[in-house]
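Open the model in your viewer and keep the selection panel handy. We will go from one stop to the next, with a note on what to select each time.

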Amino acid sequence: MTTPTAGILYPGFSAEDDYAVAEQHLGVRLPVVHTQMPEDAHRVDALLEIGAAPVLADGARRVRGRGVRSVLWACTSGSFVFGWDGARQQVAELQQVAGVPASSTSFAFVRAAAALGLRRVAVAATYPADVASRFVQFLQAGGQQVVHWSGRGIITAAEVGTLGRNEVVEFAAANDDALADAVLLPDTALHTLAWLEDLEARLGKPVLTANQVTVWEGLRLAGWECGSEKLGTLFRCAGVGQRAPCP
């Protein structure tokens, strides 16, 4: 059987080692191509530059020869900052260059939430508030009711990548809401894959994180046909082919 392979286009360097964690747990291949990041800043103008078509096209050409069956733009802020229609155009252009199904982390959040039957979510964003609010708008465009959200105000992905387990778990817990079906952590610069079970145990509900949903979406598009017990509720309940009831 061919090993499921999803290509990951990842801006800069911060938490890309999360994908090696997923490879180990799932027995898949997730080759990472680092795309250009002229300025590491969670600022709208910088994010528009990070997610620009020529940048993604260059990444798509570099990953295309690595046997991938799908390609994911693994940058939440560098996709939702374009708005719903702009993010759709971004994915369409990426798919055209890559020659395989493509998506982005922003759409992965929307599809993962739908797969779990979520309706109301809380958002714990590491971004400044003006950027975080754009993610909230994107989720709302995708049919989610956001009952609580906050922005931690961290400017650089490099700083986000230094946050440890306890900081991440407590940040998520501090931004939970009794009305929320799940808590979302939207930054791919944030390490989370090794701590998903800790996060869900602490909150007592599903937690969706950026690198988690990126892997799930990439493997879904690549035709992956199994779930996992090690990467949170999403992989237990909504792996391709899984029929387990979701919370």
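What volume does the largest cavity have? It comes to about 120 Å³, where a volume is the space filled by probe spheres set on grid points joined across faces, edges and corners. A cavity here is a set of points, on a 1 Å grid over the protein atoms alone, where a 1.4 Å probe fits but cannot get out; lining residues have an atom within 4 Å of a point.

Before you select anything, a word on the source. This is a predicted model, in which local features need pLDDT of at least 70 and side-chain atom pairs count only at pLDDT 80 or more, while totals for chains, interfaces and linings use all residues. Residues are numbered from 1 along each chain as its sequence is written, and side-chain values use heavy atoms, with hydrogens and water left out.

Stop 1: Helices (H or I, at least four residues) and strands (E, at least two) are DSSP runs, numbered from the N terminus. By class, the lining holds nine nonpolar, five polar and two charged residues; Ala, Val, Leu, Ile, Met, Phe, Trp, Tyr, Cys and Pro count as nonpolar, Asp, Glu, Lys and Arg as charged, and the others, Gly among them, as polar.

Stop 2: Move on to Ser 14, in the loop between strand 1 and helix 1 (18-26). Its relative accessible area is 17%, so Ser 14 is buried (buried means under 20% relative accessible area, exposed over 50%, partly exposed in between, with a 1.4 Å probe and protein chains only).

**Stop 3: helix 6.** Next, show residues 105-115, where eight of the 11 residues are buried. Among them are Thr 105, Phe 107, Phe 109 and Val 110. Just after this helix, Gly 117 takes a positive phi of about 70 degrees.

**Stop 4: aromatic rings.** The whole structure has eight aromatic pairs. Rings of Phe, Tyr and Trp (its six-membered ring) pair if their centres lie within 6.5 Å; planes under 30 degrees apart count as stacked, over 60 as edge-to-face and the rest as tilted. Select Trp 84 and Phe 107: their ring centres are 5.0 Å apart and their planes at 85 degrees, so this pair is edge-to-face. The two lie 23 residues apart, Trp 84 in helix 5 (residues 83-98) and Phe 107 in helix 6. Trp 84 is partly exposed at 27% relative accessibility, whereas Phe 107 is buried at 5%.

Now take Phe 109 and Phe 135, another edge-to-face pair, with 5.4 Å centre to centre and 70 degrees between the planes. This pair joins helix 6 to helix 7 (residues 129-141), across 26 residues. Phe 109 and Phe 135 are both buried.

**Last stop: the whole chain.** Zoom out to see 12 helices and eight strands. Buried residues make up 56% of the 247 residues in the chain.

Notes. On a 1 Å grid over the protein atoms alone, a cavity is a set of points where a 1.4 Å probe fits but cannot get out, and a pocket is an open set with protein on both sides within 12 Å along at least five of seven lines; lining residues have an atom within 4 Å of a point.
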